[in-house]
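Trainee: Could we go through this model together, one contact at a time?
Mentor: Gladly; here it is.

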Amino acid sequence: MRKRVVLAAGLLVLAAGCGSESPAAAPDEPVKIKFQSLAWQKESIAANKQLVEEWNKANPKIQVEYIQGSWDNVNDQLVTSFEAGDPPDVIHDDSPALSGFANRGYLLDLTDKVPAELKSDIPQAAWDTVTFGDGKGGQGVYGVPFLQESQVIIGNKKLLDKAGVRVPTPDSPWTWDEFAEISKKLTKGDSYGVAWPMKSPVNKVLNLGLNFGGTFFQTDAAGKTTVKVGAEEREVLQRIHDQLHKDKSADPSALGMGSADPLPGFYAGKYAMLPVGVYLRQQVVEQAPDGFEWITLPPLKGATAEQGAVSQTLSVATDSKYPEQSLKFISFFLNGPNQVKLAKGDWLLPTSVKAAGDPAMTTEENGWNVATASVKNLVVAPFLKVNGFDEWKSKVATPALQQYFANKITLDETAKKLVDEGNKVLERYNK
Amino acid sequence: MTLTADRPVRTAPPKKPRKGGRQGREALLLMLPALVPVLVFSVGPLLYGIFLAFTDARSGRNAVTSFVGLSNFGDLLSDGDFWASFRIGMIWAVSVTVLQFLASLGLALLLNQEMRFRGFARVLAMVPWAMPPVVIGLMWRLVYHPDAGILNSMLGTEIDWLNDFSIALPAVIVVGIWTGMPQTTVVLLAGLQGVPKELYEAVEVDGAGVWRRFWNITLPQLRPVIVAITSLDFVWNINQFGLVYVLTQGGPGGQTRLPMLFAYEEAFRYGFFGYAATLGVAIVIVVLAVLGVYLWRQMREAS
């Protein structure tokens, strides 16, 4: 295998040498740009392909080739194609991934290149999620954010009505205390108030952590970033842990599940509530048995209702030969009406102000109004800007949090792991 | 005459090596077509990989690579994650190799018996060999699936085999054993067929039972084959990548992160090419050391 890795590296070098020599297209020949999309839900793939087709018909001079990527291996695939010097021109990814790529110089700084119309249609809070250091001391905008995810709660309406709990609204959401009480109330016999699917706990915990001001990272005056797990950070950790092991209102066997795995149990009434990303509504709509009534509940409130925002993004590769044309395509792809189509396809929230005002995004049907209202709670999560976050997440935080929620280690031990081992990881990137 | 007789005497000593040199050059010329691919695709990258191990090469357009000497090796020795991965790698390689050998020996003995449908059974035993590791991984992922998996429905359990901290590694080891059995079985079967029948006939005259025949004839006769296949299996297993990458990607929480997966992550996930190359070099050293000791002991016992 080592030989193979080395061989691959060797080939990459060869490929990098050859990549830059291909001649640019003649002036009257159509320009070809590659667009790698990570859409995976059926409706979303359809929406993506339809928009590309529309563009290709309207712009014979700039032809876009649709390439299907996958969230499962996008990071490794992009790293290799960046190193080979032959990345897709337009790259679909999400904001946590951009920091590392921007730092390594793979992505084009779009600061002064985004057309004014697109720029003003997307609020500054969303632009903040794609603003990173360029690895040389400067700052830049490395993508156009277009779909955002917030954490909401999906509830079984019949069970909630039966328990006679207050129905929260975006203006007056449940607090975490209320949520804990209600979860206890809904726990009866074999059924639990809530299920926390924690197969990938890190982003969820860090995004919710902001409810109590938990940032998990701090940067000192010299620009050195370290991990921080203080009182604010412990709040959400402790509260979820309490539900699992003290109140026993959350099903511990759901811990190993991915986001969509508890759905069958949810339909069967085994869990009354699921804290999930807004996109999961699509699966509920599609799979829930006839007559199953459900509602989307607004995000919980701690000290605030603020959540870390993760946005999906479109970026342009530094190695792209047609950056201008790529940006033109992005501006078309992400205009207001098109963002509505993409948001509907992925069941996520559009960043475009115009799109957010579209009736399709504010209808009460399938909880779109609650979901769209949660956009105002989204703020930039500090972890987005941390160089080395990905390694911290997979090497340190994921195992530590999984062990903590499984009650194998205490909160103090978890905090110590996150900080000590975490700082060691970050050290490599501070060099 | 004297001249002609003299000449060979004087020129013979320097001529011989020159002639040999010409022959060597010709041989080299003939070997060249075969050597070039080996040099370009095997030796070159290998040397490049070893060179990388002494640099801080990392991904990035603005990354500057510089020579750092042995500092990567120092980092490696103090890297807890590496040692955890190394430990998992050793558990994996040793247990897969040993269990694979035992299972294959049983299977080979069975297939060596006179029985009905022997040819068919032999073909059947080869099936896993025909499958690429990725397909095997996908297939077993379905077998282990917590809800839809055939294993849970057969046992009536609700275990998430590949995501449980303590079960994941054993579950992956079982797949590893299954995957490597055909190669080992074929080699052992060939070895069994090479054992002279006369030996069995001789001990049968002495009234030896099945167990004695196995212990005193089969095993000693198979010895060279066993040594060869177990050492090859060990190298294959410690370098296993595709299977585990598809099955668990090293999860849960790094419980199945074999050394090669660790190296892959370092290089292609986090972008530390130099460090990943160091890992590769370290594993080569370990494999050579383990094999050296093992083969040396086997040979000493054999002689």
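Trainee: Which residue of chain B forms a salt bridge with A:Asp319?
Mentor: A salt bridge here is a side-chain nitrogen of Lys or Arg within 4 Å of a carboxyl oxygen of Asp or Glu. The closest N and O atoms of this pair are 2.5 Å apart in the predicted model. The partner of A:Asp319 is B:Arg61.

Trainee: Before we go on, what conventions apply?
Mentor: Residues are numbered from 1 along each chain as its sequence is written, and chains are lettered from A and ligands numbered from 1 in the order in which they are written. This is a predicted model, where local features need pLDDT of at least 70, side-chain atom pairs count only at pLDDT 80 or more, and totals for chains, interfaces and linings use all residues, while side-chain values use heavy atoms, leaving out hydrogens and water.

Trainee: How much area do chain B and chain A bury between them?
Mentor: Buried area is the accessible area (1.4 Å probe) that two parts lose on being put together, summed over both. Carbon and sulfur atoms give 56% of it here. The area buried between chain B and chain A is about 3300 Å².

Trainee: How many residues does the contact take from chain B?
Mentor: Contact means heavy atoms within 4.5 Å. By that rule chain A gives 33 residues. From chain B the contact takes 36 residues.

Trainee: Where in chain B does pLDDT stay under 50?
Mentor: pLDDT is the predictor's confidence in each residue, from 0 to 100, and its mean over chain B is 86. Where pLDDT is low, the predicted coordinates should not be read in detail. The stretch in question has 2 contacts beyond four places in sequence in the model, and it is residues 1-17 of chain B.

Trainee: Turning to chain A, how many salt bridges are there between domain 1 and domain 2 of chain A?
Mentor: An automatic or database assignment sets the domain bounds, giving domain 1 (25-149 + 310-372) and domain 2 (151-308 + 384-430) of chain A. In this pairing, 25 residues of domain 1 are in contact with 21 residues of domain 2. The salt-bridge count between these two domains of chain A is 0.
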